[in-house]
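Hi,

Here is the structure I promised to pass on.

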Amino acid sequence: MRIVGLTGGIASGKSTVSNLFKSHGFPVVDADVVAREVLRKGSGGWKKVVAAFGDEIVLEDGEVNRPRLGQIVFSDPDKRQFLNRLLAPYIARGILWEVLKLWVKGYKVIVLDVPLLFEAKMDKFTKPIIVVWVDPDTQIQRLLARDKSTEEDARNRVNAQMPLDLKRGKADIVIDNTGSFDDLSQHFQKVFLEVSKPLTWAEFWRSRQGVFTILASVTSGVVLFIKAFNNHTNTL
Ligand SMILES: CC(C)(COP(=O)(O)OP(=O)(O)OC[C@H]1O[C@@H](n2cnc3c(N)ncnc32)[C@H](O)[C@@H]1O)[C@@H](O)C(=O)NCCC(=O)NCCS
Ligand SMILES: Nc1ncnc2c1ncn2[C@@H]1O[C@H](COP(=O)(O)OP(=O)(O)OP(=O)(O)O)[C@@H](O)[C@H]1O
């Protein structure tokens, strides 16, 4: 199995590239979707965050007021790191669970779309690592156009992440998304061919996917054994 890491900066085009992967039949685990799930009313993440940030970030229906929490954490690095620490275990578990479900379904290539792949040190488990890059002006313009936020808000969000040029330096594959959608689509075709190739043994072990695969194999082996054993004893 190959776990491809897809990352970049906010509004650099990760979801757009994710959609291209999906339209080519590759499943994508989206960390933003997982992060939303772990903050749903009543979940473990929700309880921790509401206890820590108080009623100020809760809507009338009990859900978290995401724009309000965003304003708080993106303008205060300490509060953001605090929120990250609260949610990180839930997000990591959610991502692992989604990967396992796809692995059990027999998918050979899974794409992990994680904005904070390097920051959360999840890059160790993915190969290759694709960074979707744009120049800073284009990034801000696209962010403003998409979120209709203020320029201050947009800059706070960009500054909350590892600089995109630093991420670019850590990539196996860089997708420069400064051009048009057509340019992106053409570049993607080349990346897709590259990613579809099986991993070499050396890449497999170096990316620690070997450890993950053995763990997943042992776990599913034990589950199958227990099921078979139960069926056997039921028929006696
Ligand atoms: C603060 C929250 C409630 C704001 O929600 P909102 O709906 O406005 O934004 P959304 O979740 O769609 O995120 C948009 C983008 O912001 C960036 N971002 C989100 N969280 C963070 C963070 N903690 N640090 C830096 N950038 C972040 C990502 O690029 C993401 O794609 C939300 O972002 C959140 O719960 N963040 C903490 C969880 C997390 O780390 N998510 C990233 C998944 S790895
Ligand atoms: N090549 C392009 N040309 C013009 N607009 C683009 C291009 N690529 C992406 N966009 C637009 O830029 C915005 C940001 O793209 P996208 O949502 O894919 O970024 P993202 O990296 O997933 O963002 P986030 O980190 O917030 O999840 C979207 O409105 C998208 O339609």
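The largest nonpolar core has 41 residues, and V4, V17, I91, I95, V111, L112 and I130 touch the most other members. By nonpolar core I mean a set of buried Ala, Val, Leu, Ile, Met, Phe, Trp, Tyr and Cys residues joined through C-beta atoms within 7 Å. Buried means that 20 or more other C-beta atoms lie within 10 Å of a residue's own, with C-beta atoms placed from the backbone. As background, nonpolar side chains in soluble globular proteins tend to be buried together.

Keep in mind that this is a predicted model: local features need pLDDT of at least 70, side-chain atom pairs count only at pLDDT 80 or more, and totals for chains, interfaces and linings use all residues. Residues are numbered from 1 along each chain as its sequence is written, while chains are lettered from A and ligands numbered from 1 in the order in which they are written.

Leaving out residues up to four places away in sequence, V111 touches V4, L6, S18, F21, F26, P27 and V28 (contact: C-beta atoms, placed from the backbone, within 7 Å).

Now the domains. The protein chain is assigned domain 1 (2-42 + 99-235) and domain 2 (43-98), with bounds from an automatic or database domain assignment. Their contact takes 20 residues from domain 1 and 19 residues from domain 2. On the domain 1 side, the elements giving two or more residues are α2 (31-37), α5 (77-104) and α7 (151-159). That side divides into 12 nonpolar, 2 polar and 6 charged residues (nonpolar: Ala, Val, Leu, Ile, Met, Phe, Trp, Tyr, Cys and Pro; charged: Asp, Glu, Lys and Arg; polar: the others, Gly among them).

So where does ligand 1 sit? It lies between domain 1 and domain 2, because both give residues to its shell. Ligand 1 is surrounded by 21 residues, the closest being I10, A31, A35, G70 and P115 (a residue counts if its C-beta atom, placed from the backbone, lies within 6 Å). By class, that shell has 14 nonpolar, 3 polar and 4 charged residues.

Around ligand 2 there are 16 residues, with K14, S15, T16, R142 and R146 the closest. The largest share of that shell, 3 residues, comes from α1.

Cheers

Key
Helices (H or I, at least four residues) and strands (E, at least two) are DSSP runs, numbered from the N terminus. Two residues are in contact if their C-beta atoms, placed from the backbone, lie within 7 Å. A residue is buried if 20 or more other C-beta atoms lie within 10 Å of its own, exposed if 12 or fewer, and partly exposed in between; C-beta atoms are placed from the backbone.
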